[in-house]
Amino acid sequence: MKLPNILLTGTPGVGKTTLGKELASRSGLKYVNVGDLAREGQLYDGYDEEYGCPILDEDRVVDELENDMREGGVIVDYHGCDFFPERWFHIVFVLRTDNSILYKRLETRGYNEKKLQDNIQCEIFQVLYEEARASYREEIVHQLPSNEPEQLEDNINQISKWIEQWVKDHNS
């Protein structure tokens, strides 16, 4: 049976992981958090002193995911999207969160001031939405509000319906 590949992207703190894990458990699709994948496989290419974090080796991440993506049925969660092959995804969801809510979420993660400000700026200027629109066909890129628990539930239901329809359309 053919299954779709879904990309969840957006600024850190918008709720990609919460949504992705819940969606995977309800839909039976496989969930991949690129940050965790990189950590487990040490898929890094140096260290960013300014942000105090390792630099992702994008080519190795793509190599690592290629087989799963070809098989299908994968939910990928990452705060960047311009290095994934366009052919991988059937739909792309960019999660959006109000700045004040996002600020609080990132603060609880212990982000330093520079990292906080840069991520808030990233959200204000819709950086990831623009990146997604530039990287994928416009008609497959959708924004989802991600401020409160009710919206999480709405998003799960909306995406679940989309998955069901996609599966019907591609397996008859």
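In the predicted model, the cover over the buried residues of helix α7 includes β1 (6-9), α1, β6 and β7 (141-145). The buried residues in question are Gln151, Asn155, Ile156, Ile159, Ser160, Ile163, Trp166 and Val167. An α-helix has 3.6 residues a turn, so residues three or four places apart point the same way. Helix α7 itself comprises 22 residues, residues 149-170, which at 1.5 Å a residue should span 32 Å, and the end C-alpha atoms of the helix are 32 Å apart, in agreement with that expectation.

Strand β6, one of the elements that cover α7, also takes part in the lining of the largest cavity, where β6 (91-96), α5 (113-124) and α6 (127-135) each supply at least two residues. The count of cavities of 30 Å³ or more comes to one, and the space in the largest cavity is about 30 Å³. The residues that line this cavity are Gly10, Thr11, Val94, Leu95, Arg96, Cys122, Glu123, Gln126, Val127, Leu128 and Tyr129. By class, six of the lining residues are nonpolar, three are polar and two are charged.

The largest pocket holds about 1100 Å³ of space. It is lined by 34 residues, of which Pro12, Cys53, Tyr78, His79 and Tyr111 are the closest to its centre. At least two lining residues come from each of α1 (16-27), α2 (34-41), β3 (44-48), β4 (53-56), α5 and α6. The lining of the pocket divides into 14 nonpolar, nine polar and 11 charged residues.

Cys53 is partly exposed, with a relative accessible area of 24%, whereas Cys122 is buried, at 16%, the cut-off for burial being under 20%. The closest cysteine sulfur to that of Cys53 belongs to Cys122 and lies 13 Å away, which is too far for a bond. For Cys122, the closest cysteine sulfur is that of Cys81, at 11 Å, and this distance is likewise too far for a bond. A disulfide would require the two sulfur atoms to be within 2.5 Å, and the structure holds zero disulfides.

Two further residues illustrate how positions separated in sequence are placed in space. Gln121, in helix α5, is partly exposed, with a relative accessible area of 35%. The C-alpha atoms of Gln121 and Asn99 are 8.8 Å apart, although 22 residues separate the two in sequence. Arg133, in helix α6, is also partly exposed, with a relative accessible area of 32%. Between Arg133 and Val92 the sequence separation is 41 residues, and the C-alpha to C-alpha distance is 9.3 Å. When neighbours within four places in sequence are left aside, Arg133 is in contact with Glu138 and Val141.

Notes: Residues are numbered from 1 along each chain as its sequence is written. This is a predicted model: local features need pLDDT of at least 70, side-chain atom pairs count only at pLDDT 80 or more; totals for chains, interfaces and linings use all residues. Side-chain values use heavy atoms; hydrogens and water are left out. On a 1 Å grid over the protein atoms alone, a cavity is a set of points where a 1.4 Å probe fits but cannot get out, and a pocket is an open set with protein on both sides within 12 Å along at least five of seven lines; lining residues have an atom within 4 Å of a point. Grid points are joined across faces, edges and corners, and a volume is the space filled by probe spheres set on the points. Helices (H or I, at least four residues) and strands (E, at least two) are DSSP runs, numbered from the N terminus. Ala, Val, Leu, Ile, Met, Phe, Trp, Tyr, Cys and Pro count as nonpolar, Asp, Glu, Lys and Arg as charged, and the others, Gly among them, as polar. Buried means under 20% relative accessible area, exposed over 50%, partly exposed in between (1.4 Å probe, protein chains only). The expected span of a helix is 1.5 Å times one less than its number of residues. Contact means heavy atoms within 4.5 Å.
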